[in-house]
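I opened this notebook to keep track of what I looked up, one entry at a time. The first entry is about the ligand.

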Amino acid sequence: MTKLIIDTDPGIDDAMAIFYAAAAPEIELLGLTTIFGNVTTPMATRNALRLLEAVGVDAPVAEGAHQPLNLPPFPPSANVHGAEGFGDIPASTPKGRALDEDAADFLIRMARTHKGELVVCPIGPLTNIAIAMQRDPEFVSNVKAIVIMGGSLEEGGNITPHAEANIYHDPHAADVVCTAGNKVVLVGLDVTHRILCTPDDFSQIAAKAPNLGGMLQDMSHFYLKFYLEVAGLNGCSLHDPTAVIACTHPELFEMRSVAMSVSCEGDTSGATLSSPDSGRVPVRVCVGVEADTVKALFLERLSTLS
Ligand code: RIB
Ligand code: CA
(Lines give C-alpha, C1' and ligand atoms only; values in the text may rest on other atoms or scores of the structure.)
(Ligands and ions follow the chains in the order given, each with its own letter.)
Protein backbone atom coordinates (compact mmCIF):
# COMPACT_ATOMS: atom_id res chain seq x y z
CA MET A 1 0.00 0.00 0.00
CA THR A 2 1.17 3.52 -0.78
CA LYS A 3 0.66 5.90 2.14
CA LEU A 4 -0.35 9.13 0.44
CA ILE A 5 -1.07 12.75 1.32
CA ILE A 6 -2.37 14.96 -1.49
CA ASP A 7 -1.63 18.70 -1.25
CA THR A 8 -4.41 20.25 -3.29
CA ASP A 9 -6.28 23.34 -4.56
CA PRO A 10 -9.62 21.72 -5.55
CA GLY A 11 -10.24 22.44 -8.46
CA ILE A 12 -11.91 20.18 -11.03
CA ASP A 13 -8.93 17.98 -11.95
CA ASP A 14 -8.00 17.93 -8.25
CA ALA A 15 -11.46 16.42 -7.57
CA MET A 16 -10.74 13.77 -10.22
CA ALA A 17 -7.38 13.02 -8.57
CA ILE A 18 -8.87 12.73 -5.06
CA PHE A 19 -11.69 10.45 -6.24
CA TYR A 20 -9.10 8.36 -8.11
CA ALA A 21 -6.99 8.04 -4.93
CA ALA A 22 -10.10 7.01 -2.96
CA ALA A 23 -10.92 4.34 -5.54
CA ALA A 24 -7.39 2.93 -5.95
CA PRO A 25 -6.98 -0.23 -3.83
CA GLU A 26 -3.20 0.26 -3.54
CA ILE A 27 -3.53 3.75 -1.99
CA GLU A 28 -4.02 4.53 1.70
CA LEU A 29 -5.08 8.19 1.75
CA LEU A 30 -3.71 9.60 5.02
CA GLY A 31 -5.07 13.10 4.49
CA LEU A 32 -5.33 16.18 2.35
CA THR A 33 -3.53 19.49 2.79
CA THR A 34 -4.84 22.60 1.09
CA ILE A 35 -3.39 25.50 -0.84
CA PHE A 36 -4.53 28.48 -2.94
CA GLY A 37 -4.40 28.32 -6.73
CA ASN A 38 -7.60 27.31 -8.46
CA VAL A 39 -9.48 28.79 -5.47
CA THR A 40 -8.51 30.63 -2.27
CA THR A 41 -7.08 28.49 0.54
CA PRO A 42 -10.26 28.62 2.71
CA MET A 43 -12.29 27.52 -0.32
CA ALA A 44 -9.73 24.78 -1.01
CA THR A 45 -10.21 23.52 2.57
CA ARG A 46 -13.99 23.58 2.23
CA ASN A 47 -13.81 21.77 -1.12
CA ALA A 48 -11.34 19.17 0.19
CA LEU A 49 -13.73 18.37 3.07
CA ARG A 50 -16.69 18.20 0.65
CA LEU A 51 -14.84 15.75 -1.61
CA LEU A 52 -13.79 13.43 1.22
CA GLU A 53 -17.32 13.42 2.62
CA ALA A 54 -18.80 12.72 -0.83
CA VAL A 55 -16.47 9.80 -1.47
CA GLY A 56 -16.76 8.47 2.10
CA VAL A 57 -13.09 8.68 3.10
CA ASP A 58 -12.55 9.47 6.77
CA ALA A 59 -9.21 11.29 6.58
CA PRO A 60 -8.06 14.63 8.01
CA VAL A 61 -7.73 17.91 6.13
CA ALA A 62 -5.09 20.45 7.18
CA GLU A 63 -5.29 23.99 5.86
CA GLY A 64 -2.20 25.47 4.28
CA ALA A 65 -0.65 28.81 3.42
CA HIS A 66 -2.89 31.63 2.22
CA GLN A 67 -0.34 33.24 -0.09
CA PRO A 68 2.95 32.54 -1.87
CA LEU A 69 6.29 32.67 -0.01
CA ASN A 70 7.44 35.99 -1.52
CA LEU A 71 4.87 37.16 -4.06
CA PRO A 72 1.56 38.89 -3.30
CA PRO A 73 -1.58 36.72 -3.53
CA PHE A 74 -2.91 35.80 -7.01
CA PRO A 75 -6.62 35.88 -7.86
CA PRO A 76 -8.05 32.32 -8.08
CA SER A 77 -8.30 30.65 -11.53
CA ALA A 78 -12.10 31.05 -11.68
CA ASN A 79 -12.03 31.14 -15.50
CA VAL A 80 -10.75 27.54 -15.52
CA HIS A 81 -12.42 25.96 -12.46
CA GLY A 82 -15.44 28.19 -11.77
CA ALA A 83 -16.08 30.67 -8.96
CA GLU A 84 -16.37 27.93 -6.31
CA GLY A 85 -13.80 25.51 -7.77
CA PHE A 86 -16.18 22.86 -9.11
CA GLY A 87 -17.38 24.46 -12.34
CA ASP A 88 -21.10 25.21 -12.18
CA ILE A 89 -21.69 23.18 -9.00
CA PRO A 90 -22.70 25.67 -6.28
CA ALA A 91 -20.95 26.10 -2.93
CA SER A 92 -22.08 23.91 -0.04
CA THR A 93 -20.88 23.61 3.52
CA PRO A 94 -19.21 20.36 4.63
CA LYS A 95 -20.14 18.69 7.93
CA GLY A 96 -16.55 18.40 9.15
CA ARG A 97 -13.81 20.92 9.76
CA ALA A 98 -10.06 21.10 9.24
CA LEU A 99 -7.48 20.18 11.86
CA ASP A 100 -6.16 22.91 14.16
CA GLU A 101 -2.66 21.96 12.97
CA ASP A 102 -1.56 23.72 9.75
CA ALA A 103 -0.61 21.89 6.55
CA ALA A 104 3.16 22.12 6.96
CA ASP A 105 3.08 20.85 10.56
CA PHE A 106 0.73 18.01 9.55
CA LEU A 107 3.07 17.02 6.69
CA ILE A 108 6.10 17.12 9.01
CA ARG A 109 4.34 15.02 11.67
CA MET A 110 3.08 12.44 9.18
CA ALA A 111 6.51 12.18 7.53
CA ARG A 112 8.04 11.43 10.96
CA THR A 113 5.30 8.96 11.90
CA HIS A 114 5.57 7.10 8.57
CA LYS A 115 9.31 7.58 8.10
CA GLY A 116 10.47 6.34 4.69
CA GLU A 117 6.91 5.39 3.64
CA LEU A 118 5.00 8.62 3.07
CA VAL A 119 4.48 9.82 -0.51
CA VAL A 120 3.42 13.47 -0.75
CA CYS A 121 1.63 14.41 -3.95
CA PRO A 122 1.32 18.19 -4.42
CA ILE A 123 -1.18 19.07 -7.16
CA GLY A 124 -1.24 22.82 -6.51
CA PRO A 125 1.37 25.51 -5.82
CA LEU A 126 4.27 24.23 -3.69
CA THR A 127 4.13 26.70 -0.77
CA ASN A 128 3.20 24.15 1.93
CA ILE A 129 5.97 21.78 0.84
CA ALA A 130 8.61 24.55 0.87
CA ILE A 131 7.45 25.63 4.35
CA ALA A 132 7.66 22.02 5.61
CA MET A 133 11.23 21.79 4.23
CA GLN A 134 12.18 25.09 5.88
CA ARG A 135 10.61 24.19 9.25
CA ASP A 136 12.06 20.69 9.42
CA PRO A 137 15.48 19.95 7.86
CA GLU A 138 14.64 16.20 8.18
CA PHE A 139 11.41 16.48 6.18
CA VAL A 140 12.90 15.42 2.84
CA SER A 141 14.82 12.50 4.30
CA ASN A 142 11.69 11.34 6.17
CA VAL A 143 9.43 11.15 3.09
CA LYS A 144 9.61 8.39 0.50
CA ALA A 145 8.89 10.74 -2.42
CA ILE A 146 7.38 14.07 -3.41
CA VAL A 147 5.50 13.51 -6.67
CA ILE A 148 4.46 16.89 -8.06
CA MET A 149 2.00 17.90 -10.76
CA GLY A 150 3.90 20.84 -12.15
CA GLY A 151 6.41 22.29 -14.54
CA SER A 152 7.59 21.27 -17.98
CA LEU A 153 10.91 20.62 -19.67
CA GLU A 154 10.13 20.86 -23.40
CA GLU A 155 6.41 21.63 -23.55
CA GLY A 156 6.40 25.31 -22.53
CA GLY A 157 3.71 26.69 -20.23
CA ASN A 158 -0.07 26.72 -19.87
CA ILE A 159 -0.60 29.94 -17.89
CA THR A 160 2.18 31.88 -19.67
CA PRO A 161 4.24 30.74 -22.66
CA HIS A 162 6.96 29.65 -20.20
CA ALA A 163 5.22 28.58 -17.00
CA GLU A 164 2.90 25.83 -15.82
CA ALA A 165 0.22 27.18 -13.42
CA ASN A 166 1.21 25.41 -10.18
CA ILE A 167 4.84 26.54 -10.47
CA TYR A 168 3.85 30.04 -11.65
CA HIS A 169 1.68 30.64 -8.58
CA ASP A 170 4.66 30.27 -6.23
CA PRO A 171 7.96 30.07 -8.14
CA HIS A 172 10.07 30.73 -5.01
CA ALA A 173 8.49 27.75 -3.25
CA ALA A 174 9.00 25.57 -6.33
CA ASP A 175 12.66 26.58 -6.42
CA VAL A 176 13.05 25.53 -2.77
CA VAL A 177 11.43 22.15 -3.51
CA CYS A 178 13.77 21.62 -6.49
CA THR A 179 16.66 21.46 -4.00
CA ALA A 180 15.22 18.19 -2.60
CA GLY A 181 17.03 16.05 -5.19
CA ASN A 182 15.91 12.65 -6.36
CA LYS A 183 13.03 12.36 -3.86
CA VAL A 184 11.27 14.80 -6.21
CA VAL A 185 9.38 13.60 -9.29
CA LEU A 186 7.93 16.26 -11.60
CA VAL A 187 4.85 15.13 -13.50
CA GLY A 188 4.51 18.12 -15.78
CA LEU A 189 2.97 19.23 -19.05
CA ASP A 190 5.43 17.09 -21.06
CA VAL A 191 3.28 14.11 -20.02
CA THR A 192 -0.08 15.49 -18.86
CA HIS A 193 -0.70 17.12 -22.25
CA ARG A 194 -0.52 13.61 -23.76
CA ILE A 195 -3.57 12.38 -21.81
CA LEU A 196 -6.91 13.82 -22.82
CA CYS A 197 -10.30 12.97 -21.27
CA THR A 198 -13.22 13.64 -23.64
CA PRO A 199 -16.92 14.35 -22.97
CA ASP A 200 -17.62 10.71 -23.97
CA ASP A 201 -15.15 9.50 -21.33
CA PHE A 202 -17.01 11.46 -18.64
CA SER A 203 -20.31 10.04 -19.89
CA GLN A 204 -18.82 6.55 -19.53
CA ILE A 205 -17.73 7.26 -15.94
CA ALA A 206 -21.15 8.74 -15.08
CA ALA A 207 -22.98 5.75 -16.58
CA LYS A 208 -20.96 3.31 -14.45
CA ALA A 209 -20.83 5.45 -11.27
CA PRO A 210 -23.96 7.66 -11.36
CA ASN A 211 -23.37 9.38 -8.00
CA LEU A 212 -19.66 10.28 -7.89
CA GLY A 213 -18.95 9.80 -11.59
CA GLY A 214 -22.03 11.95 -12.24
CA MET A 215 -20.61 14.63 -9.93
CA LEU A 216 -17.34 14.65 -11.91
CA GLN A 217 -19.26 14.81 -15.17
CA ASP A 218 -21.26 17.82 -13.86
CA MET A 219 -17.98 19.56 -12.94
CA SER A 220 -16.34 18.63 -16.23
CA HIS A 221 -18.71 20.71 -18.40
CA PHE A 222 -17.11 23.99 -17.27
CA TYR A 223 -13.55 22.62 -17.59
CA LEU A 224 -14.22 21.11 -21.05
CA LYS A 225 -15.69 24.41 -22.24
CA PHE A 226 -12.46 26.18 -21.20
CA TYR A 227 -10.34 23.65 -23.12
CA LEU A 228 -12.53 23.97 -26.21
CA GLU A 229 -12.55 27.78 -26.17
CA VAL A 230 -8.90 28.35 -25.25
CA ALA A 231 -7.10 25.38 -26.82
CA GLY A 232 -9.63 24.16 -29.39
CA LEU A 233 -9.52 20.68 -27.84
CA ASN A 234 -12.43 18.26 -27.44
CA GLY A 235 -11.17 17.10 -24.05
CA CYS A 236 -9.23 18.14 -20.95
CA SER A 237 -5.76 17.14 -19.79
CA LEU A 238 -5.69 14.76 -16.84
CA HIS A 239 -3.08 16.85 -14.99
CA ASP A 240 -3.67 16.02 -11.33
CA PRO A 241 -4.88 12.40 -11.69
CA THR A 242 -1.73 11.62 -13.69
CA ALA A 243 0.46 12.76 -10.78
CA VAL A 244 -1.47 10.48 -8.38
CA ILE A 245 -1.09 7.58 -10.82
CA ALA A 246 2.69 8.27 -11.00
CA CYS A 247 2.85 7.74 -7.21
CA THR A 248 1.87 4.08 -7.57
CA HIS A 249 2.73 3.27 -11.21
CA PRO A 250 6.16 4.84 -11.92
CA GLU A 251 6.78 2.10 -14.50
CA LEU A 252 4.28 3.85 -16.80
CA PHE A 253 6.57 6.89 -17.03
CA GLU A 254 9.94 7.59 -18.63
CA MET A 255 11.96 9.77 -16.25
CA ARG A 256 15.05 11.87 -16.79
CA SER A 257 17.37 13.13 -14.02
CA VAL A 258 17.72 16.91 -14.32
CA ALA A 259 19.30 19.47 -11.97
CA MET A 260 16.45 21.95 -11.86
CA SER A 261 15.89 25.57 -10.86
CA VAL A 262 12.87 27.83 -11.24
CA SER A 263 12.84 31.31 -12.77
CA CYS A 264 11.39 33.75 -10.23
CA GLU A 265 11.47 36.98 -12.25
CA GLY A 266 10.31 38.66 -15.43
CA ASP A 267 8.52 37.12 -18.39
CA THR A 268 9.89 33.65 -17.65
CA SER A 269 8.75 33.60 -13.99
CA GLY A 270 7.57 30.09 -13.13
CA ALA A 271 9.60 28.36 -15.86
CA THR A 272 11.30 25.14 -14.72
CA LEU A 273 14.87 25.26 -16.05
CA SER A 274 17.49 22.59 -16.55
CA SER A 275 20.46 23.97 -14.59
CA PRO A 276 23.40 21.56 -14.92
CA ASP A 277 25.85 24.10 -13.43
CA SER A 278 23.74 24.81 -10.34
CA GLY A 279 25.44 22.13 -8.22
CA ARG A 280 21.99 20.81 -7.28
CA VAL A 281 21.22 17.12 -6.97
CA PRO A 282 19.01 16.20 -9.96
CA VAL A 283 15.26 15.75 -9.57
CA ARG A 284 13.38 13.21 -11.70
CA VAL A 285 11.33 14.71 -14.54
CA CYS A 286 8.71 12.68 -16.41
CA VAL A 287 9.39 13.07 -20.14
CA GLY A 288 7.38 10.13 -21.51
CA VAL A 289 4.21 8.28 -20.54
CA GLU A 290 2.18 5.23 -21.54
CA ALA A 291 -0.75 7.55 -22.07
CA ASP A 292 -3.36 4.97 -23.05
CA THR A 293 -2.60 2.84 -19.99
CA VAL A 294 -2.78 5.82 -17.61
CA LYS A 295 -6.10 6.91 -19.07
CA ALA A 296 -7.51 3.36 -18.98
CA LEU A 297 -6.50 3.05 -15.32
CA PHE A 298 -8.21 6.37 -14.55
CA LEU A 299 -11.47 5.39 -16.28
CA GLU A 300 -11.47 1.88 -14.82
CA ARG A 301 -10.87 2.98 -11.22
CA LEU A 302 -13.41 5.82 -11.30
CA SER A 303 -16.00 3.44 -12.69
CA THR A 304 -15.78 1.39 -9.47
CA LEU A 305 -17.14 4.33 -7.41
CA SER A 306 -20.83 4.60 -6.55
O1 RIB B 1 -1.35 23.21 -14.74
C2 RIB B 1 -2.28 22.30 -14.24
C3 RIB B 1 -2.47 22.48 -12.75
O4 RIB B 1 -2.99 23.78 -12.49
C5 RIB B 1 -3.44 21.51 -12.12
O6 RIB B 1 -2.99 21.18 -10.84
C7 RIB B 1 -4.72 22.31 -12.05
O8 RIB B 1 -5.58 21.86 -11.04
C9 RIB B 1 -4.23 23.70 -11.81
O10 RIB B 1 -4.02 23.88 -10.45
CA1 CA C 1 -4.57 21.35 -8.91
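Entry 1, the pocket. I looked up where ligand 1 sits and found that the space it takes is the largest pocket. I note here that the model is a predicted one.

I asked which residues come nearest to ligand 1. The shell has 13 residues, and D13, I123, N158, E164 and D240 come nearest. I then sorted the shell by type and got three nonpolar, five polar and five charged residues. I also looked up which helices contribute to the shell. Helix 1 (12-23), helix 7 (165-168) and helix 12 (239-248) each supply at least two of its residues.

For E164, a side-chain N or O atom is 2.4 Å from an oxygen atom of the ligand. I123 takes part through its backbone, with an N or O atom 2.9 Å from an oxygen atom of ligand 1. D9 has a polar side-chain atom 3.2 Å from an oxygen atom of ligand 1. On its own, ligand 1 has 280 Å² of accessible area, and the protein covers 95% of that.

I looked at the peptide bond between P10 and G11 and found it to be cis, with omega at about -10°. Most peptide bonds are trans, so I wrote this one down. G11 belongs to the loop between strand 1 (2-8) and helix 1.

I counted three aromatic pairs. One of them is Y223 with Y227, an edge-to-face pair with 5.2 Å from centre to centre and 75° between the planes. I checked where the two residues lie: both are in helix 11 (residues 212-231), four residues apart, about one turn of the helix.

How values were computed
Residues numbered from 1 in each chain as written. Chains lettered and ligands numbered in written order. Predicted model: local features only at pLDDT ≥ 70, side-chain atom pairs only at ≥ 80, totals over all residues. Heavy atoms only, no water. Near = heavy atom within 4 Å. Polar contact = N/O pair within 3.5 Å; in protein donor to acceptor, adjacent residues only side chain to side chain. Areas by Shrake-Rupley, 256 points an atom, 1.4 Å probe, with all protein chains shown as cover. 1 Å grid on protein atoms, 1.4 Å probe; cavity = no way out; pocket = protein on both sides within 12 Å on 5 of 7 lines; lining within 4 Å. Sits in = over half its atoms within 2 Å of the grid points. Nonpolar A, V, L, I, M, F, W, Y, C, P; charged D, E, K, R; others polar. Phe/Tyr/Trp six-rings, centres within 6.5 Å; stacked < 30°, edge-to-face > 60°.
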